[in-house]
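Some notes on this model follow, as numbered points. Please read them with the sequence and structure open.

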Amino acid sequence: MYGAQSKRDLALEFQSQIPILRPSIHARRANLTVKFQDLYGFTVEGNVDDVNVLNEVREKVRKQGRVWWALEANKGANWYLEPSISEGIALKSSLKFSTLANAITLKRLIRNGIPPLLRPKVWFSLSGAAKKKSTVPESYYNDLTKAVEGKVTPATRQIDHDLPRTFPGHPWLDTPEGHAALRRVLVGYSFRDSDVGYCQGLNYVAALLLLVMKTEEDAFWMLAVLLENVLVNDCYTNNLSGCHVEQRVFKDLLAKKCPRIATHLEALDFDVSLVATEWFLCLFSKSLPSETALRVWDVLFYEGAKVLFHVALAFFKMKEDELLLTHHVGDVINILQKTTHHLFDPDDLLTVAFDKIGSMTTNTISKQRKKQEPAVMAELDQRLRRLNSLKLDDK
Amino acid sequence: MARPGNKIIQAKMVLLGDMGTGKTSLVLRFVKGQFLDHQEPTIGAAFFTQILSLTEATVKFDIWDTAGQERYHSLAPMYYRGAAAAVVVYDISKMDTFTRAKKWVEELQRQGNSNLVMALVANKCDLEPKREVETEEGEQFAQENGMFYIETSAKTAENINELFYEIAKRLAKAFPSKPTGMNLNNEVRDRRKLSCCLG
């Protein structure tokens with residue numbers, strides 16, 4: 001987390017300022033901090049307004065659930081799981097009108113949110129995880145976890161180190177049972193793809209997947225499909241080259257979609273990757289409230305990795321005026337951090353991310369990635385050579 | 001607190017070192033006076049600010065606390081570029097973290113900033129029974145590389161203020177005196193940044 005100023009400390013600061021500032025009753029109420037658990041068991045600290053927003057969100061989630069149930073009643077259970085619909089967007093031209101209509105309905109539905117109860121099923125099918133799992137024997141995951149039990153590798157040592165440090169204090173994740181499940185998923189994956197092994201950041205992603213998916217095995221397959229199909233290649237492998245590419249693409253997109261901010265930040269000598277790297281590697285699991293992060297993931301698993309750009313750009317778009325007034329790097333970071341941590345209403349974010357940022361096709365983004373790849377590779381290569389020359393000097 | 005008429009130094013500081021050596025814990029101890037047994041791993045980097053007032057100057061730190069895992073190494077230049085101070089951290093109970101610390105120092109020296117204030121921090125000195133890196137080894141390496149050496153424990157708070165105080169002192173010496181601009185004064189008025197950690 002960048003600038004990990006805990007909310008509790010902020011609250012203490014606010015409280016200590018009250019006698020000096022003598023705020024209005026309204027401000028006093030807004031500064032009163034309460035602690036509560038969100039839908040996924042994370043402890044959230046916020047003011048009274050935040051609590052109200054979260055209650056509204058709960059109500060919206062219930063309403064959205066009714067929309068999904070009504071569609072099931074109307075179109076039949078699992079209507080959205082037919083391959084022609086779930087893959088409909090890509091196959092548009094060859095489809096019947098009703099299928100196309102269903103695909104459009106589904107896209108809109110998903111942007112409005114998948115009810116938590118349906119998330120495991122919908123994610124598993126629409127992301128391609130189900131298909132991936134179906135290509136290997138039924139016992140794959142059990143065999144894998146049994147085969148790697150007791151093995152010690154650099155990856156397993158790092159995983160063990162990070163287990164108690166992954167969302168510490170969470171009522172399930174931070175228990176022996178939670179640690180064991182997270183360990184099996186991460187260790188299993190480190191053996192499935194030794195190029196990735198274990199990359200810090202995946203601990204948060206896998207932990208959140210475990211909370212959403214019904215079974216540990218499904219969480220494992222979601223992690224696999226995410227790394228192997230949804231995200232750009234090599235995001236988490238040895239020098240994070242995929243992540244470097246995404247950062248360059250993001251900078252270009254910011255210049256295009258939010259040119260005033262991009263110019264202002266450049267003048268401050270502020271490189272957006274300083275903060276955006278964590279967003280892209282943890283898929284916002286460390287920066288957004290849980291339901292908001294999962295709403296982003298709803299769309300991510302259906303529409304692909306371009307969603308990450310939409311969301312990251314939205315943070316800047318939402319705070320454009322404030323950001324343009326900053327004079328210092330620290331202020332930029334504080335604004336972004338405060339914004340992300342307080343996005344309790346997912347719709348506030350997603351409306352900006354999709355309606356205000358405008359469309360970006362996966363195709364355009366792929367082209368931009370291709371354009372950036374050579375520069376990233378050259379830079380990483382040059383760096384490696386410089387580091388190697390350091391070693392030669394040692395001898 | 002900032003003393004009126006004092007010179008103000010805005011200094012970028014970066015923390016480097018292997019994963020789990022306690023970089024974030026050192027900073028949190030310095031900035032907030034707190035310590036968590038299970039500190040979440042940092043991804044990319046975390047940013048903090050803190051102000052230290054000396055008799056000769058007020059130092060405003062912009063602190064970049066970086067991710068320690070080896071593969072995050074490729075991101076590090078973005079964070080140490082333009083830094084006035086670098087804190088290289090290792091864990092006294094793990095020899096391989098000392099090896100990694102040496103590599104960081106070599107890399108920093110290649111950056112060619114001869115004014116860079118560098119500290120070699122032997123952290124977790126509360127783990128004395130498990131010590132793998134002797135004090136002399138650390139001291140000698142630091143001396144050979146023009147850095148200052150200090151043993152700390154973020155857990156017990158031992159030498160944490162001393163570490164940052166020493167860095168501030170060296171920065172004050174390295175930075176020529178210059179008049180304070182409007183911009184800096186404006187920022188000094190920002191109450192939140194004035195929580196001083198000394199004492």
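Notes on chains A and B

1. B:Glu139 counts as partly exposed because its relative accessibility is 42%, a value that falls between the 20% limit for buried and the 50% limit for exposed. Bear in mind throughout that this is a predicted model.

2. B:Glu139 sits in helix 4 of chain B, which covers residues 135-144.

3. B:Ala157 is found in the loop that runs between strand 6 (148-151) and helix 5 (160-174) of chain B. With a relative accessible area of 32%, B:Ala157 is partly exposed.

4. In chain A, A:Phe284 is a residue other than glycine with a positive phi, near 70°. Its place is the loop between helix 16 (273-282) and helix 17 (290-303) of chain A. Is A:Phe284 buried or exposed? The relative accessible area of A:Phe284 is 0%, so the residue counts as buried.

5. Turning to chain A as a whole, there are 22 helices and 2 strands. Of its 395 residues, 53% are buried. Carbon and sulfur atoms account for 54% of the accessible surface of chain A, which comes to about 18,000 Å².

6. On contacts in chain A: taking those between residues at least 6 apart in sequence, 74% join residues at least 24 apart.

Definitions and conventions: Residues numbered from 1 in each chain as written. Chains lettered and ligands numbered in written order. Predicted model: local features only at pLDDT ≥ 70, side-chain atom pairs only at ≥ 80, totals over all residues. Heavy atoms only, no water. Helix = DSSP H or I, 4+ residues; strand = E, 2+ residues; numbered from the N terminus. Buried < 20%, exposed > 50% of the residue type's maximum accessible area, 1.4 Å probe, protein only. Contact = heavy atoms within 4.5 Å. Areas by Shrake-Rupley, 256 points an atom, 1.4 Å probe, with all protein chains shown as cover.
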